[in-house]
Structures are given as structure tokens and as C-alpha cells.
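Please keep the sequence and the 3D view side by side as you read.

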Amino acid sequence: MKDWIEGFQASVNYIEQNLSEELNIGDIAEKAALSPFYYQRIFGALCGMTVGEYIRARRMTLAAQEISCSDNRVIDVAMKYGYDSPDSFAKAFQRFHGITPTQAREAGANLRSFAPLHIKVTLEGGNMLDYKIVEKAPFTVVGVKKRFSAETSYKEIPKFWEEWMSDMKGLKGMFGVCSDMDGKNFDYRIADLYQPWEDIPSGCETYQIPGGLWALFRCKGTLPDSMQKVNTQIWSEWLPALHGYTLAGNYSLEFYLPPAEEPADTVSYICIPLKKL
């Protein structure tokens, strides 16, 4: 657990040391010895924000400090912190601080500050998390796919499900499949188990899930709250304490059983691929 926390803190330190440079999620995740796919999921669970939101908040904090205490031109500060034009910088600055960069130079201007993250472990009341590790053969799913940004996926994926439910596209919606993350974007499929003797529904395609070890986490309760709660526990509590295994693959699954008569009794699963150390 100590090594895991140190690795994650090293990634945050790397961000801090390069806020005036172009930051790549692959380079950041590498400092924590994680894939970009898993790094961003863990970062969101631990920190309550995306990596991009954290970087923007830190850059806006430093930009305000520089503008308020120096004679540097606003355009130079904007370029330093990754903005292509003074206008885009001014809009972002006003959203964050509530005032314009010019007003930030005035004596007594109110500015917001977002402090650097420091990862530390605190011991609190124990939480029960039901899971099991199983080995599964490869299998194929069939479903409808859409590309999402890691920055907005928590808001946009539920909308994707709503759109699908209004049409159904010949699917039951057994799985939610995350795959092929390139650092900023990833594919998400609403899918069913593929049956070769059945026609592929219009607009759908097949995708093969590799065989191997899986950690299956049971979620019971009203969706999506029950799944989101367990998801946060996985990345913030279970993973740091994991021994003998490491994360595998650039994909993960959500598995949905038919809704129970009472929403509070509905059961679903989060499935994370693993490999033995």
C-alpha cells in the first residue's frame, strides 16, 4: 500500500512540476505505474475531480498569483499556462476567480486558490465490500458503441443509456463495457452476450473480451447510486490495499441483472481484470 500511495503522489508531483508545460496523461499515469485508463478512474475516485479539472484549477491558481504580483503581460501568462488566446484565458480566469485578469491586478482583489494535492492515508470506520476473484474464458459481446471524453463521461454516459432506452436497438443492456482509452477518450458500449446464430442488431458491432482473472464486486441498491458508491470504494479503498495482484487490461465491465421489483433490491456487478504478480 505504501508503494502504491508513493507512486500516486509521484504522479501528482510530476503535474506540479510541469504546470507551465504541455502535460500528457500517459506520462502522468506512468509515474504511478498505471495505464491512463485506470489512472483517471482512480484519480476521480480519490480526488473527486478529473485530472484535467485538477490541472486547470492549479494553473488558474498560479496564473492569478503571477498576474497579481508581477508586471508580466496577461498574454504571456495565458501562453505560459496553455491558453492559445487572451480571450480564452480571460473567460476561463473569470469562471474560476469571478473577476477578469485586469481586475486581479487591483489592490485587494479577491482571488481563489486551489492547493496542490497531497495523498495520505487516514484510518476511518471500516466499510464492507463484497467481491470475489474468478477466472473467465474469453467471450464476445454485441452492442452499440460511443466515444466519450474522460472529462465528461460521468454526465454523458447516463444520457447515452437514456437515449438507448428510448429505442432499445434490439439489446437487453446486460453490460456496460469501457475499453480502448487513449488517455483522454474511451469507448463505451451498451451490450449483450453475443450469440453467433442471432442477427447483429442494426447499428451494433461485436467486441471480444479477453479471458483471465476478474475481480467481481457486488452492488446492491438503486442504480446508479449503488454502483457509483462501490466504484468509489474500489479505487479509493480496495485497490490501495490489494496484494498479490495488479490491474490488467485497458477495459472494465459493468454487469446488470434484471431490475428487482424493489429498486433497493437490484443487484449489479463491477468487473475489473486482474493478473497475479
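The structure holds 9 salt bridges, a salt bridge being a side-chain nitrogen of Lys or Arg within 4 Å of a carboxyl oxygen of Asp or Glu. Before we visit some of them, a word on the basis: this is a predicted model, in which local features need pLDDT of at least 70 and side-chain atom pairs count only at pLDDT 80 or more, while totals for chains, interfaces and linings use all residues. Residues are numbered from 1 along each chain as its sequence is written, and side-chain values use heavy atoms, with hydrogens and water left out.

Start with R58 and E16, whose closest N and O atoms are 2.9 Å apart in a salt bridge. This pair links distant parts of the chain, since R58 sits in helix α4 and E16 in helix α1 (residues 2-17), 42 residues apart. Helices (H or I, at least four residues) and strands (E, at least two) are DSSP runs, numbered from the N terminus. The cut-offs here are under 20% relative accessible area for buried and over 50% for exposed, with partly exposed in between (1.4 Å probe, protein chains only).

Now move to the strands. D187 and R147 meet through their side chains in a salt bridge of 2.9 Å, N to O. Here too distant parts of the chain are linked: D187 belongs to strand β4 and R147 to strand β2 (residues 139-149), 40 residues apart. D187 is buried at 8% relative accessibility, and R147 is partly exposed at 38%. Another salt bridge joins E205 to R189, with 3.4 Å between the closest N and O atoms. E205 lies in strand β5 (residues 205-209) and R189 in strand β4, so this pair ties together parts that are 16 residues apart in sequence. E205 is partly exposed, at 32% relative accessibility, and R189 is buried, at 3% relative accessible area. Through shared partners, salt bridges join K145, R147, D187, R189 and E205 into one network.

Next comes the open space. The largest pocket holds about 1,500 Å³. On a 1 Å grid over the protein atoms alone, a pocket is an open set of points where a 1.4 Å probe fits, with protein on both sides within 12 Å along at least five of seven lines, and lining residues have an atom within 4 Å of a point. Of the 45 residues that line this pocket, I157, P224, M227, E254 and Y256 are the closest to its centre. Elements giving two or more residues to the lining include α3 (36-47), α4 (51-69) and β8 (251-256). Which element gives the largest share of the lining? That is α7, with 9 residues.

Let's finish at E254, found in strand β8. E254 is buried yet has no salt bridge, and R41, the nearest side chain of opposite charge, is 5.4 Å away. The side chains of E254 and Y256 are joined by a polar contact of 2.7 Å (a pair of N or O atoms within 3.5 Å; within protein, one must be able to donate a hydrogen and the other to accept it, and residues adjacent in sequence count only if both atoms are side-chain atoms).

Methods: Points joined across faces, edges and corners; volume = space filled by probe spheres on them. Lys, Arg positive; Asp, Glu negative; His and termini not counted.
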